[in-house]
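The points are grouped by topic for reference beside the coordinates.

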Amino acid sequence: MATEGGGKEMNEIKTQFTTREGLYKLLPHSEYSRPNRVPFNSQGSNPVRVSFVNLNDQSGNGDRLCFNVGRELYFYIYKGVRKAADLSKPIDKRIYKGTQPTCHDFNHLTATAESVSLLVGFSAGQVQLIDPIKKETSKLFNEEGSLSSPGQASSPGGTVV
C-alpha cells in the first residue's frame, strides 16, 4: 500500500520515532540489558576498566571478564565478541558506597575454575583482594589510605594497573 507523497510502504518497520516526550529507539539486546547506567557527571569522569582471565575449565567457556562502572564491579563469563553475554545475570556484582574501584587485575598464575584472585584498587587508596567465584572478600590493604598514589595497585603478576 503506497502513500500519496513518497511512494513508501505503510508496513515499514521503524527503528526509532520521536514524540513530544522524547526519542524512542529500538536497542540491541546487549545495550538494552546492560547494567544500570551511571548518570552523567560533568565534574569528572568515571573511567571503566576491564580485566580478563582464562580459567582453563572443561566446558570451553574458561574466559572471565571483570569491569567496573562507577561504584559497581561486575564479573561475567566472556563468550567472545560474536556472542552477547546476558548482562542481567552476573556471576558476581559488588556495589561500593564510600569509594569507587579505579583499577583491577586477576592473578593469572593461581586462577582455577573453582577460585580466582582479583585485586581491586579504589579511589581512596585501599586495595582489596576478592574471589568473585567463591564470592569471598579475603583481605583489605591500606585501609587508612596512606599510600602516596591512590588508585594504583601492583597486580600479582607484577604489572601495574
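The model is predicted, so local features need pLDDT of at least 70 and side-chain atom pairs count only at pLDDT 80 or more, while totals for chains, interfaces and linings use all residues. Residues are numbered from 1 along each chain as its sequence is written, and side-chain values use heavy atoms, with hydrogens and water left out.

- Strands, like helices, are DSSP runs numbered from the N terminus (strands: E, at least two residues; helices: H or I, at least four).
- Strand β4 (residues 63-69) is largely enclosed by the rest of the structure, because 6 of its 7 residues are buried (under 20% relative accessible area; exposed is over 50%, partly exposed in between; 1.4 Å probe, protein chains only).
- Strand β3 (residues 50-54) runs antiparallel to β4 and is joined to it by 5 bridges; pairing requires at least two DSSP bridges.
- Asn 54 stands opposite Asp 63 in β4.
- On β5 (residues 72-77), also antiparallel to β4, 6 bridges are made to β4, and Ile 77 is the bridge partner of Arg 64.
- The hairpin of β4 and β5 has 2 residues between the strands, and Gly 70 takes a positive phi near 60 degrees there.

**Lys 79**
- Lys 79 lies in the loop between β5 and β6 (92-95) and counts as partly exposed, at 44% relative accessibility.
- Lys 79 and Arg 64 are 15 residues apart in sequence and 8.4 Å apart in space, C-alpha to C-alpha.

**Phe 52**
- Phe 52 lies in strand β3 and counts as partly exposed, at 43% relative accessibility.
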